Amino acid sequence: MSIKTYCALIFGALILAACGGESYTEVEITEQERSYRQLLGVPDHFSLPHIPEFNPPTKEKIDLGHFLFYDKQLSANQTQSCASCHVQELAFTDGLARPFGSTGDRLTRNSQGLGNAAYHATFTWSNDGFLNLEDQLAVPIRSDNPVELGVTEAKVDEVLARFDADPVYRKKFAAAYPEAESGATVTKIIYALASFCRTLISGSSPYDNYLLGDDSALTDQQKWGLQLFNGEKFECFHCHSGLNFSVSYRDNNSDPATQTFPFFNNGLYNVDGTGSYPQEDQGLYDLTQKLQHRGLFRPQSLRNVAVTAPYMHDGSIDTLREVLEHYARGGRKVETGIYQGDGRLSPLKSGLVRGFAATDDELDAVEAFLESLTDDAFISDPAFANPFE
């Protein structure tokens with residue numbers, strides 16, 4: 001084993017521990033955990049994700065969730081499914097700055113990738129109260145402002161009746177919930193979708209292969225980019241570390257007593273010179289109404305980041321290179337328009353976004369490293385593909 005590979009393995013162990021995870025080979029696991037790992041397809045170098053006790057995964061629930069994820073019957077007007085905004089070949093994003101709901105409403109935020117979503121500490125871009133996938137899934141299904149799938153109180157019975165009338169779904173719901181007397185319910189749908197989403201685990205990128213000992217998995221440029229990524233000049237690792245390249249992380253080993261829920265203002269906007277973001281989306285502030293929370297968003301996972309453009313919560317940065325340049329500057333300067341302002345001067349910007357001088361070669365190297373996080377097997381795995389095709 002080369003010194004570089006050894007260092008990479010040590011780094012991997014450290015970042016897992018820093019996020020509350022433990023190496024799979026270092027802990028004694030229960031038979032239930034072993035079963036869950038196999039059921040969800042968890043790689044050996046990953047910890048088991050957090051699974052709430054109220055929704056244990058089963059093969060039948062995962063299968064039901066897989067079908068529901070791709071079924072447009074789940075939207076009130078039968079025009080969209082979950083997959084409409086979460087496309088597998090784009091690591092379950094959609095390539096748009098901001099998507100449209102089933103009734104044509106433009107949504108406020110960029111569609112997040114679903115790879116390794118089960119490892120997030122909180123869900124959605126900026127909500128510190130959504131601690132499980134089940135919490136988040138109610139939003140796109142039930143929300144009416146804006147409408148996504150549009151299963152509002154006025155439409156819910158109509159939507160559920162479609163699945164109760166379908167003999168295939170009657171069997172799938174009965175298999176997934178054998179002890180339940182009723183047919184389809186919103187809760188059953190959410191639990192099945194969450195169970196399927198927990199199987200969307202991405203852990204076989206070139207970076208993973210390098211971490212596991214294949215020194216040839218990364219090019220020399222990518223290895224340099226990894227060093228810069230974890231260095232004190234670029235400082236990427238302060239917000240994007242650990243198994244999922246995000247400090248917003250939870251797994252089966254996380255201690256609730258020490259669990260953190262980080263959100264950051266990265267200087268993307270400074271509309272009025274006092275740190276404000278556009279009125280339509282000021283991040284955590286919209287939930288808490290605390291002025292210091294303006295512009296706070298959860299640090300996203302960087303896995304498969306090269307295929308999930310455009311970037312930021314509102315899709316306002318088009319390319320990875322522009323993202324790196326934004327951080328090198330220490331905040332974005334919006335020259336004209338209603339959002340004019342210099343994010344570098346925001347009083348609410350995180351102290352980690354200080355700006356730095358970087359050469360083109362250094363930026364190229366970090367960008368190349370980020371491209372090594374693309375998991376081609378994940379974005380083409382037939383186990384996650386549309387079951388109706």
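**Labels and their grounds**

Q: What share of the residues in the protein is buried?
A: In this predicted model, buried residues make up 55% of the 389 residues, where buried means under 20% relative accessible area.

Q: Why is the protein called as compact as a globular protein of its length?
A: The protein has 12 helices and two strands, running from the N terminus as α-α-α-α-α-α-α-α-α-α-α-β-β-α. Its radius of gyration is 21 Å, close to the 21 Å that the globule rule gives for 389 residues, so the protein is as compact as a globular protein of that length. The C-alpha atoms fill a box of roughly 60 × 55 × 40 Å along the principal axes.

Q: What share of the contacts with a separation of 6 or more joins residues 24 or more positions apart?
A: Such residues account for 66% of those contacts in the protein, a contact being heavy atoms within 4.5 Å.

Q: Which residues touch the most other members of the largest nonpolar core, and which helix gives the largest share of it?
A: That core has 51 residues, and Leu68, Phe69, Phe163, Phe173, Ile189 and Leu193 touch the most other members. Helices H2 (31–40), H3 (59–69), H4 (133–142), H5 (156–165), H6 (167–176) and H7 (186–197) each supply at least two of its residues, and the largest share, eight residues, comes from H7. Apart from this core lies another, of 34 residues, among them Leu211, Met312, Leu370 and Leu373.

Q: What does Phe163 touch, leaving aside residues up to four places away in sequence?
A: With those neighbours left out, Phe163 touches Leu68, Asp71, Gln73, Leu74, Tyr169, Arg170, Phe173, Ala184 and Ile189.

Q: How do you know whether Ser102 is buried or exposed?
A: Ser102 has 10% relative accessibility, and since buried means under 20%, Ser102 counts as buried. Ser102 lies in the loop between H3 and H4, and among the residues it touches, not counting those up to four places away in sequence, are Ser75, Asn77, Val147 and Gly150.

Q: What makes the phi of Ala91 worth a remark, and is this residue buried or exposed?
A: Ala91 has a positive phi of about 55 degrees although it is not a glycine. Ala91 is found in the loop between H3 and H4, and its 3% relative accessibility makes it count as buried. Gln289, in the loop between H10 and H11, is also a residue other than glycine with a positive phi, near 60 degrees.

Q: What is omega for the cis peptide bond that joins Ala309 and Pro310?
A: Omega is about -5 degrees for that bond, and Pro310 lies in the loop between helix H10 (285–288) and H11. The peptide bond from Asn145 to Pro146 is cis as well, with omega near 0 degrees, and Pro146 is found in the loop between H4 and H5.

Conventions. Residues numbered from 1 in each chain as written. Predicted model: local features only at pLDDT ≥ 70, side-chain atom pairs only at ≥ 80, totals over all residues. Heavy atoms only, no water. Helix = DSSP H or I, 4+ residues; strand = E, 2+ residues; numbered from the N terminus. Rg over C-alpha atoms; globule rule 2.2 N^0.38 Å. Buried < 20%, exposed > 50% of the residue type's maximum accessible area, 1.4 Å probe, protein only. Core = buried A, V, L, I, M, F, W, Y, C linked by side-chain atoms within 4.5 Å.
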